Amino acid sequence: MSRESTLSGPHKDAAAYADWVKKDHRFCDMLVQTSPALAGHAFPRLKLRYKPSLVQLEGGSLHLPLLDPSMRAMPLTPSKWKERLEARACLDVSSSEMSGRKLLLLDVRNDYEWDVGHFEGVQRPNVDCFRSTSFGLSGEVSDPLNGVDKEKTDILMYCTGGIRCDVYSTILRKKGFQNLYTLEGGVSNYLKAEGPAGWVGNLFVFDGRLSLPPATFRRPAACWPSSPSEEEKERRWVGRCYACGSEVVELRHRNCANIDCNRLYMSCGWCAEELAGCCCSDCKAAPRLRPLLPGHQRYLKWHVYRDGLLTPAATDADC
């Protein structure tokens, strides 16, 4: 079963802590991944919290066989995953029909994560939180698993670090999907090992940085920061403004200024100003609004603004 922990600190100290943890036999095979936080601590406050489950699902997860490796998707190393992607790109309709096998790529993240970056050719998930994921369950035409052959379709699942895939693959396994594969260590591990091959855009991360370009996962700490390579510039993904649909080159989200909405979305500069930091005109007319923040500043926790009494300075709080 996957274990996850995130920490922020000077590279030398963070590496020393990871080495100390791995001396415990329970964590000796733990995958450690690093990425830069150039504006200071990605997690400005110490927070220790017990959660019975790292990911939340409708109806809970206690009934799922999460501790049974045979019920989870088979992990593929980044190199094997890349081989599958290349084979998928070369697979034509005639050869697929003759062999009877198909390959389907599944993004088990949220829509706003896909908007920042994703593997080429994968369908955009239509959910804004993991608990609403319904691949293989809804029966809707838009469901990429609707009507697929459960015995002859290889399903390649991916998410940021791999935990959501571990959980959701047990649901699909119980539904009869037999050939399930997941990306070992998630997208962050793939970008470190293979670079942006098959990937377009940045990677969404759940902290104040929000979006990291692929190159940050491959460069040693001594090389942070650095400008994008020519290859990255050619493969740069252009997002879309949530309000007007225009192109957004800078792949960073903001939260809607309406406290009762708080949607995480991308916006062009014009809409951010015109809508006063809100995602739509309805939110702009809402009674409880936070101030429009300039640049990449982030709102404090929503409860600070709840009573409408404070207009505090922004900080790198989480979303």
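## Basis

This is a predicted model, in which local features need pLDDT of at least 70, side-chain atom pairs count only at pLDDT 80 or more, and totals for chains, interfaces and linings use all residues. Residues are numbered from 1 along each chain as its sequence is written, and side-chain values use heavy atoms, with hydrogens and water left out.

## The sheet

Four strands form an open sheet in the order 1-5-4-2, with parallel pairing. Strands are DSSP runs of E with at least two residues, helices are runs of H or I with at least four, and both are numbered from the N terminus. Two strands pair if DSSP finds at least two bridges between them. Strand 1 and strand 2 stand at the edges with a single partner strand each, so one side of each has no neighbour in the sheet. On average, neighbouring strands are turned by 30 degrees against each other, direction ignored. Axes are lines fitted to C-alpha atoms, for helices over the stretch in contact, and angles run from 0 to 180 degrees between N-to-C directions.

Strand 5 covers residues 180-183, and both of its faces are covered. Leu180 and Thr182 are buried on one side, Tyr181 and Leu183 on the other. Buried means under 20% relative accessible area, exposed over 50%, and partly exposed in between (1.4 Å probe, protein chains only).

Strand 1 (residues 74-76) pairs with strand 5 in the parallel sense over three bridges. Here Pro75 stands opposite Thr182. Strand 4 (residues 153-158) also runs parallel to strand 5, joined by three bridges. Ile155 stands opposite Leu180.

## Helix 5

From strand 4, the chain crosses through helix 5 (residues 163-174) to strand 5 in a right-handed β-α-β crossover. Right-handed means that, with the strands pointing away from the viewer, the path from the first strand over the helix to the second runs clockwise. Helix 5 lies across strand 2, strand 4 and strand 5, at about 155 degrees to strand 4.

## The cores

A nonpolar core is a set of buried Ala, Val, Leu, Ile, Met, Phe, Trp, Tyr and Cys residues joined through side-chain atoms within 4.5 Å. The largest has 22 residues, and Leu106 and Tyr168 are among those with the most contacts inside it. Helix 5 gives the most to this core, with six residues.

A second, separate core of 19 residues includes Leu105, Leu156, Val187 and Tyr190.

Terms used. Contact means heavy atoms within 4.5 Å.
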